[in-house]
Amino acid sequence: MAKKVAVILAGCGVYDGSEIHESSAVFVHLSRAGAQTVFFAPDIEQMHVVSHTKGQPTEGKRNVLEESARIARGNIKDVNDLDVGEYDALIIPGGFGVAKNLSTWAVKGKDCTVTKEIEAIIRAFHSAKKPIGLCCISPVLAAKLLPGCELTVGCDTECEKWPYAGTASAIKELGCKHVNKEVHEAHVDMKNKLVTTSAFMCNSPVHEIYDGIGELVKCVLNLAV
């Protein structure tokens, strides 16, 4: 029987929502594996709107569910309708929307809070021993909620290739183990059924990002029983 995977989005666009290429990669790899993808997003207002040509906040308000529907081609549900019992796994792509709309990481770092709906879903999948896949910045959600878990956001030494390596230090400060991995790799925490990959935490060609997410999807589906 085909695996049924819930994918939570956080808007549309790297600077204020879900990273579009990561989200599409998740969708494509799940489709190729014969899994059923169901998209979800919170019905809330974005933290702010960012011009993707200027990289700066701009005027206006946008709704996370409405924006996420652009990626899901309109086929999306409110996270409040996500029944963990109906799904084999959970995947959350990256993008600044994870740090702005699903949590307050962008503002408060390791002292952040995770929105109550997202916290409840992650805890429910974890309690049910169902696999969770997290891309790019989204592993910080597990770092905040699952003390002692193992994660990767790529490399813990900042350089041109790894401009966001400081995130690994914050993960360690939260009591979690950070494991250095290349962009085409994923790390599996077997105890917590948690799979992570760095994606665009790495300054890398998009096909390498795509390959790493493919590895994450493969590992998540292998853990789904």
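Asp111 is exposed, with a relative accessible area of 55%. Here exposed means over 50% relative accessible area, buried means under 20%, and partly exposed lies in between (1.4 Å probe, protein chains only). Asp111 pairs with Lys110 in a salt bridge, and their closest N and O atoms are 3.9 Å apart. A salt bridge is a side-chain nitrogen of Lys or Arg within 4 Å of a carboxyl oxygen of Asp or Glu. Lys110 is partly exposed, at 30% relative accessible area.

This is a predicted model, where local features need pLDDT of at least 70, side-chain atom pairs count only at pLDDT 80 or more, and totals for chains, interfaces and linings use all residues. Residues are numbered from 1 along each chain as its sequence is written, and side-chain values use heavy atoms, with hydrogens and water left out.

Side chains of opposite charge can pair when their charged atoms come close. A search of the whole structure finds eight salt bridges. One of them joins Glu182 to Lys161, with 3.1 Å between the closest N and O atoms. This pair links distant parts of the chain, 21 residues apart. Glu182 sits in the loop between strand S9 (177-178) and strand S10 (187-189), while Lys161 sits in the loop between strand S8 (150-151) and H7. Helices (H or I, at least four residues) and strands (E, at least two) are DSSP runs, numbered from the N terminus. Glu182 is partly exposed, at 36% relative accessibility. Lys161 is also partly exposed, at 35%.

Salt bridges with shared partners join Arg62, Glu67 and Arg70 into one network. Within it, the closest N and O atoms of Glu67 and Arg62 are 3.5 Å apart. Glu67 is buried, with a relative accessible area of 7%. Arg62 is partly exposed, at 40%.

The largest pocket has a volume of about 410 Å³. On a 1 Å grid over the protein atoms alone, a pocket is an open set of points with protein on both sides within 12 Å along at least five of seven lines, and lining residues have an atom within 4 Å of a point. Its volume is the space filled by probe spheres set on the points.

The largest pocket is lined by 19 residues. Phe96, Cys136, Tyr164, Phe200 and Met201 lie nearest its centre. Helices H3 (96-100), H4 (105-108) and H7 (166-173) each supply at least two residues of the lining. By type, the lining has 13 nonpolar residues, four polar and two charged. Ala, Val, Leu, Ile, Met, Phe, Trp, Tyr, Cys and Pro count as nonpolar, Asp, Glu, Lys and Arg as charged, and the others, Gly among them, as polar.

Technical notes
1 Å grid on protein atoms, 1.4 Å probe; cavity = no way out; pocket = protein on both sides within 12 Å on 5 of 7 lines; lining within 4 Å.
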